[in-house]
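Thanks for coming, everyone. Have a look at the model on the screen, and I'll walk you through it.

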Amino acid sequence: MNQETVIVLDFGGQYNQLIARRVRECNVYCEVHPYDMSIEKLKEIGPKGIIITGGPNSVYGESSPVCEKELFELGIPVLGICYGSQLMAYLLGGTVTAAPVSEYGHTEVSIDKSESVIFENVSEKTRCWMSHTDYIERAPEHFTVTAHTPVCPVAGMECAEKKLYAVQFHPEVVHTAEGMKILSNFVYKVCGCKGDWKMDSFVEASISQLREKVGDGKVLCALSGGVDSSVAAVLLSKAVGKQLTCVFVDHGLLRKNEGDEVEAVFGPEGHYDLNFIRVNAQERFYERLKGVTEPEKKRKIIGEEFIRVFEEEAKKIGAVDYLVQGTIYPDVVESGLGKSATIKSHHNVGGLPDYVDFKEIIEPLRLLFKDEVRKAGLELGIPDHLVFRQPFPGPGLGIRIIGEVTAEKVRIVQDADFIYRDEIAKAGLNKGLGQYFAALTNMRSVGVMGDERTYDYAVALRAVNTTDFMTADCAEIPFEVLQRVMNRIINEVKGVNRVVYDLTSKPPGTIEFE
């Protein structure tokens with residue numbers, strides 16, 4: 001590898017990706033690999049440092065995952081976190097046992113060795129996030145205890161001579177107040193990294209590599225208008241220009257004006273030198289969805305029909321050498337770690353056809369996390385409204401309409417959602433929310449408008465705060481903002497006489513409605 005690299009060895013910890021993200025926030029490139037990565041492979045990569053993650057097991061369990069002891073004798077700096085700290089102690093002759101008192105959540109940690117390089121500029125008493133039932137009872141020989149808590153005698157330890165460091169807490173989570181200082185100290189002061197992982201250099205290097213790889217070949221990209229496929233398309237367009245064809249399938253289930261916005265950026269009047277094909281297949285999708293109310297069936301119909309449309313367009317283009325996918329690093333990590341992991345499909349909408357004649361799949365973003373993809377998009381000059389586009393499901397509004405999907409219902413939810421997003425932006429709330437949108441319920445109720453009885457639909461507004469989209473809490477939108485949204489929707493959107501706000505967290509609910 002050309003750039004300096006830190007390797008994260010994953011032992012099943014829930015924060016494995018987060019550790020890598022934090023290292024990259026230090027402008028140092030970082031990859032996640034399974035815990036049983038061979039010593040030979042590690043030597044081949046030649047990392048500047050290694051971080052061992054947490055995990056759910058006890059290091060002394062018969063079937064618990066372990067690494068080779070030789071890992072600590074390579075001369076490469078190692079930082080063990082939680083399970084990783086216990087594993088380091090266990091393999092090097094320390095004692096790890098069940099803790100008399102488990103520690104979960106915020107814990108005050110006392111730093112015993114302020115001159116320790118990884119605790120440089122860290123407070124003598126610092127708030128950290130703990131999550132462990134075992135603990136290091138005795139550190140290995142030649143190790144110095146650097147931190148403790150009232151119930152954890154070894155909350156930190158090190159053998160500075162061999163550049164081996166360990167912490168029982170999780171410096172990677174935001175709940176650890178000075179966690180980034182600790183990780184930064186390890187990356188810069190222990191590993192000696194310079195911090196050369198920057199988005200402008202990534203973009204420049206990617207364009208050069210793609211140009212060399214493709215040569216005079218033809219490239220096909222399924223463009224959804226989402227940030228991943230958009231950034232992948234622009235990278236390829238910068239590299240190979242007219243050799244790239246982007247197929248954008250407008251299935252009639254996009255947000256208001258979204259199809260036109262995508263075309264304005266990538267189409268003939270846009271700024272990118274590529275072949276752009278927009279397929280307006282709205283009626284075709286509505287026909288397939290007629291009478292269908294079951295959510296999973298709707299999803300499958302939309303995904304399958306997308307593939308059929310894409311196949312038809314691919315045939316018209318002719319022989320294609322390369323197929324572009326917007327796979328990003330979390331997809332790679334989720335599908336590639338662990339002995340029993342199943343490779344998942346990373347296609348934009350429900351999968352792409354297998355028969356298209358191409359030499360290879362190109363995944364230009366496979367090294368990037370979502371926030372890094374957005375940075376790359378800005379670096380490439382993609383408009384903010386596409387780079388920071390709200391998360392949007394592949395089936396689109398098809399799963400934000402409860403029950404049967406019709407053109408009329410699509411119009412209602414598009415207009416209501418547009419108003420909601422407009423008012424959220426005017427209130428300055430759009431950058432702080434995890435996800436927000438309007439959905440159309442299948443409930444109709446009696447109302448009074450202009451002294452006349454109405455019997456119309458109820459629109460549900462949804463807004464959540466989330467960091468990982470696995471769990472989410474309802475966002476507290478100011479009541480006056482919700483009032484403005486309600487007034488505008490009822491007055492401007494025909495067919496709606498009631499607006500409700502969904503307070504449900506995930507779990508027990510989901511973020512989307514279907």
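Let's start with burial: 55% of the 514 residues in the protein are buried, where buried means under 20% relative accessible area with a 1.4 Å probe, counting protein chains only. Please keep in mind that this is a predicted model, where local features need pLDDT of at least 70, side-chain atom pairs count only at pLDDT 80 or more, and totals for chains, interfaces and linings use all residues. Residues are numbered from 1 along each chain as its sequence is written, and side-chain values use heavy atoms, with hydrogens and water left out.

Overall, we have 14 helices and 18 strands; these are DSSP runs numbered from the N terminus, helices being H or I of at least four residues and strands E of at least two. The radius of gyration is 26 Å, close to the 24 Å that the globule rule gives for 514 residues, so the protein is as compact as a globular protein of that length. That radius is taken over C-alpha atoms, and the rule is 2.2 Å times the number of residues to the power 0.38. Along the principal axes, the C-alpha trace spans about 80 × 60 × 40 Å.

Now to one of the sheets. Five strands form an open sheet with parallel pairing, in the order β12-β11-β10-β13-β14; a pair needs at least two DSSP bridges. β12 (275–280) and β14 (360–362) stand at the edges with a single partner strand each, so one side of each has no neighbour in the sheet. From one strand to the next, the twist averages 25 degrees. Inside the sheet, four bridges join β10 (residues 219–222) to the parallel β11 (residues 244–250), and Cys 221 has Cys 246 in β11 as its bridge partner.

What about the nonpolar interior? A nonpolar core here is a set of buried Ala, Val, Leu, Ile, Met, Phe, Trp, Tyr and Cys residues joined through side-chain atoms within 4.5 Å. The largest one has 89 residues, and Leu 236, Phe 266, Tyr 420, Ile 477 and Ile 489 touch the most other members. Helix α6 (residues 227–240) gives the most to this core, with nine residues.

Which residues does Ile 489 contact, leaving aside neighbours within four places in sequence? Ile 489 meets Ala 416, Ile 419, Val 459, Leu 461, Val 496 and Val 499, with contact meaning heavy atoms within 4.5 Å.

Terms used: Axes are lines fitted to C-alpha atoms, for helices over the stretch in contact, and angles run from 0 to 180 degrees between N-to-C directions. Buried means under 20% relative accessible area, exposed over 50%, partly exposed in between (1.4 Å probe, protein chains only).
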